[in-house]
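Here's a quick briefing to read with the model open in your viewer.

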Amino acid sequence: MAIMAVAFLSNSNGVAHQQNKDRTGAPGSDNTCQQCHSGGNFDPVVNVFLVTGEDMALSDVYLPGETHTLMVQVSSSGNPSGFGVHGTAVFGDGTNAGTFSDQDANDCIWLDEVNGRHIFEQNDLCSSGSFQVLWTAPEQGSGPVTFYVASIAANGNGTASGDVFGGGSFTFNASSPSASLELEAPLTPTLRPVAGGLEFASTEPHESTVLSIDGRILAVGKMEAGVRSLVFSYSGLAVVHSITRSGASSTRKIWIP
């Protein structure tokens, strides 16, 4: 296969748009791009998360019929010039699971379709490896959903040489009705990402620690009751551990745009 036939992520648009190809790795898809995108000094790793609720807390299940924010994080060593992404959500038989919608017309993601399969992908070489798209989950009783994601850490030379492919599949089960109620029950303090950090709202004093996913402490604060903020410079997946004066503790993963 000619290199230019799969050199999708080094250029500006994805293969669904440029070639009408599905290279997500999902059942029935075309070959992924790792056969041609190679030779770079990168090591991309892909992670996929679902966000439920306004506090951006991450979930390991989906809420049937509800709209989630799908978070795709591509990280890599070697300081690539940019990243690309190409993904879908399907049931075990390969049919579309849920529906995608573009939450921001000005971001680095757009939606496409290949032979009836819905695709989200980059619309340019993206400087950040963090991608977001809205996903409405299927109805109760639909079963597990798997997200297949192909990504590239690119050197930006406009060809497939010097890039590195990274991909994976991520399966989410539907929550049970009781689990849905548990997910909707607020933890204390409640969290909200804001520009430059996190906002905490609590009815009692608490101490909270924010860590990066690799364990680096980003911020620590003892805060009185009410709405308080911790300021730090970070984007991506974080872990927040809080202890209130009454002894209640919580540990949550949260996505900080």
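How many nonpolar, polar and charged residues are there in the lining of the second largest pocket? The lining has five nonpolar, six polar and two charged residues. Keep in mind that this is a predicted model. The protein has 257 residues, and 48% of them are buried.

**Overall picture**

- On the secondary-structure side, you'll find two helices and 19 strands in the protein.
- Take the contacts between residues at least 6 apart in sequence: 65% of these join residues at least 24 apart.

**The second largest pocket**

- Its volume comes to about 260 Å³.
- The pocket is lined by 13 residues, and those closest to its centre are Gln73, Ser75, Ile213, Tyr234 and Leu237.
- β2 is the top contributor, with three residues in the lining.

- Ser212 sits in strand β15, which covers residues 206-212.
- Its relative accessibility is 2%, so Ser212 counts as buried, the cut-off being under 20%.
- If you skip residues up to four places away in sequence, Ser212 touches Leu218, Tyr234 and Leu237.
- Tyr234 and Leu237 also turn up among the lining residues closest to the pocket centre.

- Thr69 counts as buried because its relative accessibility is 14%.
- Setting aside residues up to four places away in sequence, Thr69 touches Phe49, Leu50 and Val51, along with Gln103, Gln132, Val133 and Leu134.

- You can find Thr146 in strand β11, residues 145-154.
- With a relative accessibility of 12%, Thr146 counts as buried.
- Beyond its neighbours within four places in sequence, Thr146 is in contact with Thr88, Ala89 and Val90, and also with Ser169, Phe170 and Thr171.
- Ala89 is 57 residues from Thr146 in sequence, yet their C-alpha atoms are 5.6 Å apart in space.
- There's a side-chain link too: the side chains of Thr146 and Thr171 make a polar contact at 2.7 Å.

**The disulfide**

- The count of disulfides is one.
- Cys108 and Cys126 form the disulfide, with 1.7 Å between their sulfur atoms.
- Which parts of the chain does the pair tie together? Cys108 is in the loop between β7 (99-101) and β8 (109-114), while Cys126 is in the loop between β9 (117-122) and β10 (130-136), so the pair ties together parts that are 18 residues apart in sequence.
- The link between Cys108 and Cys126 is left-handed, with -90° about the S-S bond.
- Buried or exposed? Both Cys108 and Cys126 are buried.

Key. Residues numbered from 1 in each chain as written. Predicted model: local features only at pLDDT ≥ 70, side-chain atom pairs only at ≥ 80, totals over all residues. Heavy atoms only, no water. Helix = DSSP H or I, 4+ residues; strand = E, 2+ residues; numbered from the N terminus. Buried < 20%, exposed > 50% of the residue type's maximum accessible area, 1.4 Å probe, protein only. Contact = heavy atoms within 4.5 Å. Polar contact = N/O pair within 3.5 Å; in protein donor to acceptor, adjacent residues only side chain to side chain. 1 Å grid on protein atoms, 1.4 Å probe; cavity = no way out; pocket = protein on both sides within 12 Å on 5 of 7 lines; lining within 4 Å. Points joined across faces, edges and corners; volume = space filled by probe spheres on them. Nonpolar A, V, L, I, M, F, W, Y, C, P; charged D, E, K, R; others polar. Disulfide = S-S within 2.5 Å.
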